[in-house]
Structure formats: structure tokens, C-alpha cells
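Keep the viewer open as you read.

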Amino acid sequence: MNPHLQLLQPYPFQRLRDLFKGITPNSAYSAINLSIGEPKHATPTLIQDALVHNIAGLANYPTTIGVLALREAISNWISRRYNIPALNPETAILPVTGSREALFAFAQVVIDGSKADPVVISPNPFYQIYEGAAFLAGATPYFLNTLPSEHADQDHVMDIESVPTDVLQRTQLTYVCSPGNPSGKVMTLAQWKTIFELSDRYGFVIAADECYSEIYFEEGNPPLGALQAAHLLGRDYKNLVVFSSLSKRSNVPGMRSGFVAGDEKIIAQFALYRTYHGCAMNPAVQAASIAAWNDEAHVIENRRLYAEKFNTITPMLNQIWATKKPDAAFYLWVQTQQADTEVAVTLYRDLNITVLPGSFLAREAHGINPGQGFIRMALVASLDECVEAGRRIQQAFK
């Protein structure tokens, strides 16, 4: 067996199940699950219709690169969304079966195991796929703690300039998540400039995870994207690949549809790998994805629903814990000033509310686990359920 498998740690939700083992939640309350970032808003009819009307595509083998119409729809969306020149749909864009799969597979392509002690830089807390991808590619993760700060620009930000030179010299890949999971932090242009300059100096590839990019709270002021940042700085997309998905944007997590875009040389190598990897997108899903990328009305409505929840719930929780509305994404990263596992158990046992302890999303690095004392609440349930959760917490913790 691959010895790197022994390095993989239990997924956060397995740890949550273990934490709750033997605990019976209070049956006086209905269950409210805020632990997992699985969108619960309705899937738009236009996507369902496109899927059904193209079901005959199941009779055909899909190609790894997908149909040109899908790559053109993605290129046009990127251009509209980020106000940048359209990317070449033939060479700079590749459909993928969800960003999770692609983020994992990408490391297997980028990491050169013939070089000594390759490193993958990751934020901490983080999406656990980054760590697993590094280990299975034969690299060592280097965790950058993203901590609270009194300075807004530095709050929960990857301070990549703090990485020692000898580590940067061995770094082959850096995962950047903006808007961030779990903090919702959006990278600034100055922060992107720093990462780009270090990539130029040390030659590492940047994997920009942007799966939460369309969940924000001020129409007309969307989060800055990595390709957009590069364009604003007068750069090309060398060593930069972005990952995006329809799951959160369009409420279709089960459709497994996303894309990678950016450096054409890297995209070509990733396409070669994927030809053997065997992860081409279902033809009916491709048709539904075209409909999704071509429509913004349902995305605006999706944002409105999230904004309503955040605007209602954040003030309720602020009476108990220090929390604030994130820059973007659908998580509240709540600092409780108590042991996060104990808070999670109390909420589950006494109030039948499930949240994720922050320490489960992080690793101890540089002497601390930066997730300790936090809980992550995914506001994916209905407004009524979220309000009910807030009401229970207010009554119990006051």
C-alpha cells in the first residue's frame, strides 16, 4: 500500500461523530445542523431543466476537456465577473468534476518528487483536501496560521512573508483560499502582489481556491479574484491556476461541476493527467453547467438569502460571543473564549444544534492550534432554522 496513506488524518466530520459518540441530543428541540458547508437553497429550475433535457447525453462518453460550449461559457463568465479579457477556452480553461476533486488531483501534477523535501504551503485552519493532496503527492505541508488581528487587513490572513527562506526554496505549491474557509476573509490586491512576487522569486505554483467567490453581501462589490488581481497588476497568469465551482454559487453540490483556469502550460499538463485519471464530466451535467454559468439572476437571489441570514443572525450571536459578518462565504467563524469542543458538545447535547469545533479544521503549528476557541457555523439552513438556533443560543448562554 502507498505509505503516504498512513499520514492522512480523520476528516473533521468523522472527528465530530467521534466527539458526539454516546451523547443524546435534547429531544425537546428539533435538530439544526450548521456543521457542514452543504448549500440547502433550492436548485434553480433552469439548471434542472437543462439537466433533464440533455439526459440523452448519458449515451456518450464525455471527453476530459469537455465540450467547447462549456469552456466558452466559463471563459465568458470569468471575463464578465472579473472584468478581465476573456481567457482562451481552448487552452486556459478545463472543466472539472467539482473543485474538491481538482484541488486534490492538482498537487499530484505539480509536485516534483525528484527534488528533495518538497513543500506545500497551506493556510491554517484550512480545507483538509490541501493537506491530503500534499501528503499523497509526497510533499510536506507547511501551515501558515491565520489568526485574529486588531488590524483589519491582517485579520485571518496568510502571512506568507513569515515563511523561512529555506522553506520557500523547497515550496512547489501554495494553496490560497479567498474568500477563506472558515473565516470568509478576502485577499487584498497588496496581499496578492506579495504572493505573486514570492512565486516569481521561488518558482512555486499558486492554487487559488475561489469556490466561495459568489457568496458576498454587497451587490456591486464582489470579492477580488486571483486572475483579476494578476490583471490589475499588469501580470500574465504564469504559475497561477484558479479553482471555482457551481456548488455554492448555484446550489448544486451534487452535480459536481467546476473549472480550473489560468496558466496555459500548467492547464495542458493537468489535462494530460486527467485523461488518465478518468474524471470527465457527465454530458448532461455539462449542459446544465452551461445554463448555470450563463445566468446571474439565480446567483443574485442566492446572495440575497444569505445576506438576510447573516444580517439577522450575527447581531443575535454578538450578544453572546465576539463575532462579525465575514467578508464573504457562508460561515460564521465564532470566537467563544471557551474550549471549542466543549461548546460544540453543549450545543449538541442541550440545544440539538450541530456546529464544527474550530480545532478540527486546523493543525498545531508554530506552537498553537489557531482553530482552538472557535466554532464554525455554516448558515446553510433556512432563515427560520438559523433564527431558531440563534434564539436557543441566546437563551442558553445568557
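A residue is called buried when its relative accessible area is under 20%, exposed when that area is over 50%, and partly exposed in between (1.4 Å probe, protein chains only). Helices (H or I, at least four residues) and strands (E, at least two) are DSSP runs, numbered from the N terminus. What you see is a predicted model, in which local features need pLDDT of at least 70 and side-chain atom pairs count only at pLDDT 80 or more, while totals for chains, interfaces and linings use all residues. Residues are numbered from 1 along each chain as its sequence is written, and side-chain values use heavy atoms, with hydrogens and water left out.

Start with helix α12, which covers residues 297–318. Its 22 residues reach 32 Å from the first C-alpha to the last, close to the 32 Å expected at 1.5 Å a residue; that expected span is 1.5 Å times one less than the number of residues. The buried residues of α12 are His-298, Val-299, Asn-302, Arg-303, Tyr-306, Ala-307, Lys-309, Phe-310, Ile-313, Thr-314, Met-316 and Leu-317. What do the buried residues of α12 pack against? Their partners, counting contact as heavy atoms within 4.5 Å, are the helices α2 (45–53), α9 (246–250), α11 (283–293) and α14 (383–397), together with the strands β9 (331–335) and β12 (374–378).

Now move to helix α5, residues 129–136, which is mostly covered: eight of its eight residues are buried. They are Ile-129, Tyr-130, Glu-131, Gly-132, Ala-133, Ala-134, Phe-135 and Leu-136. Around them, the packing partners are α4 and the strands β3 (119–124), β4 (140–145), β5 (171–177) and β6 (205–209). Just after α5 comes Gly-138, with a positive phi of about 85 degrees.

Two loop residues are worth a stop. Leaving aside neighbours within four places in sequence, Asn-369 is in contact with Ser-359, Ala-362, Arg-363 and Glu-364.

Pro-62 sits in the loop between α2 and α3 (68–82). Pro-62 counts as partly exposed because its relative accessible area is 28%. Not counting residues up to four places away in sequence, Pro-62 touches Ala-280, Met-281, Pro-283 and Gln-286.

Finally, the empty space. Rolling a probe the size of a water molecule over the atoms shows where empty space is left. On a 1 Å grid over the protein atoms alone, a cavity is a set of points where a 1.4 Å probe fits but cannot get out, and a pocket is an open set with protein on both sides within 12 Å along at least five of seven lines; lining residues have an atom within 4 Å of a point. Grid points are joined across faces, edges and corners, and a volume is the space filled by probe spheres set on the points.

The structure holds two cavities of 30 Å³ or more. Of the 18 residues that line the largest cavity, the closest to its centre are Thr-146, His-156, Cys-177, Gly-180 and Ser-183. The second largest cavity, of about 30 Å³, has a lining that includes Ala-280, Met-281 and Gln-286, which are also among the residues touched by Pro-62.
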